[in-house]
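Dear colleague,

Please find below the structure that I am handing over to you. My notes on its helix packing follow it.

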Amino acid sequence: MPLRSLLSPVAGILALLHLYIGARLLLPFGPLALTAGAIALAACFWFLPKGWESRKQGGRWVVLLPWITMGFFSWLLVLTVM
């Protein structure tokens, strides 16, 4: 991922939302679950759609994985807010 896209305001807001989800959902658990959850949230942030470049790269999973990740992130955010 280019450094410019990591420093964009949208990426910053998404990173803060991931930190909020991690703090609200993972802190009550032990260190093993906390580590596994942090790795899952980091992977979720990494695989979020970064624009329309994925369509040019081709492959079914290259296009599908970011949108599955967006749905998972949306579900986690709603679960956390509820």
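**Helix packing around α5**

In α3, Leu-41, Cys-44 and Phe-47 meet Leu-65, Pro-66, Thr-69, Phe-72, Phe-73 and Leu-76 of α5, contact being heavy atoms within 4.5 Å.

The model is predicted: local features need pLDDT of at least 70 and side-chain atom pairs pLDDT 80 or more, while totals for chains, interfaces and linings use all residues. Residues are numbered from 1 along each chain as its sequence is written, and side-chain values use heavy atoms, without hydrogens and water.

The axes of α3 (residues 31-47) and α5 (residues 60-81) come within 8 Å and cross at roughly 130 degrees. The two helices are therefore oblique (angles under 35 degrees are roughly parallel, over 145 roughly antiparallel, 65 to 115 roughly perpendicular, the rest oblique).

Helix α2 packs against α5 at about 55 degrees, with the axes 10 Å apart. This makes α2 oblique to α5 as well. From α2, residues including Leu-14, His-18 and Arg-24 take part, and from α5 residues including Phe-73 and Thr-80.

His-18 lies in α2 (residues 9-26) and is buried, at 6% relative accessible area (buried is under 20%, exposed over 50%, partly exposed in between, with a 1.4 Å probe and protein chains only). Beyond its neighbours within four places in sequence, His-18 touches Leu-41, Cys-44, Phe-45, Leu-48 and Phe-73.

Yours sincerely

Methods: Axes are lines fitted to C-alpha atoms, for helices over the stretch in contact, and angles run from 0 to 180 degrees between N-to-C directions. Helices (H or I, at least four residues) and strands (E, at least two) are DSSP runs, numbered from the N terminus.
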